Amino acid sequence: MKVCRRETFNAAHRLYDARWSDEKNFEVFGKCSNPNFHGHNYVLETWVDGPIDADTGYVIDLKMLKHLIRDEISERFDHRNLNLDCPEFKDLKPSAENIAYVIWHLLRPKLDAKYQLSVRLWETENNIVEYAGI
Ligand code: NI
């Protein structure tokens, strides 16, 4: 059984590679390479897969999951500049893929081993990535 908690956060980023020219960065990353950064309204879906607990009827207490996401993810990334404010992206481009990867690794150790975890990150209405640890 899979359950999901949906949360949103707003953050700024810039995708660029310092080894490349501005032209090459624009060619590869488009407007996401604009030097003065830009924001996204990220939608984070945290999916937890596990058995239904016979006592509670829950897979996981979604209130607990909500607090975990707030403490580990929102507090860290909401209203931040991912490139400048967040050490997680000091040497890692803050693409949707890498953000989902980082989020998964922040949440995984906080969840019981009986659960499988998958994070789905919506960068825009149309661009979505998913990471499940493999
Ligand atoms: Ni962008």
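Colleague: Which residues of helix 2 are buried, and what makes them count as buried?

Modeller: Leu65, Leu68, Ile69, Glu72, Ile73, Ser74 and Phe77. Buried means under 20% relative accessible area with a 1.4 Å probe, protein chains only. This is a predicted model, in which local features need pLDDT of at least 70 and side-chain atom pairs count only at pLDDT 80 or more, while totals for chains, interfaces and linings use all residues. Residues are numbered from 1 along each chain as its sequence is written, and side-chain values use heavy atoms, leaving out hydrogens and water.

Colleague: What covers the buried residues of helix 2?

Modeller: The cover includes strand 1, strand 2, strand 3 (80–81), helix 3 (82–85) and helix 4. Helices (H or I, at least four residues) and strands (E, at least two) are DSSP runs, numbered from the N terminus.

Colleague: Where is the kink in helix 2?

Modeller: The kink is centred on Arg70 and is about 40 degrees. The bend is the angle between axes fitted to the seven residues ending at a residue and the seven starting there.

Colleague: Why is the arrangement around the nickel ion called irregular?

Modeller: The donors are His13 (NE2), Cys32 (SG), His38 (NE2) and His40 (NE2), at 2.1 to 2.2 Å. A donor is an N, O or S atom within 2.8 Å of the metal (3.2 Å for Na, K and Ca). The angles here are 92 to 140 degrees, so the arrangement is irregular.

Colleague: How do you know that His13 is buried?

Modeller: The relative accessible area of His13 is 0%, so His13 is buried.

Technical notes:
Tetrahedral: all angles 85-135°; square planar, octahedral: opposite > 155°, others 65-115°. Buried < 20%, exposed > 50% of the residue type's maximum accessible area, 1.4 Å probe, protein only. Contact = heavy atoms within 4.5 Å.
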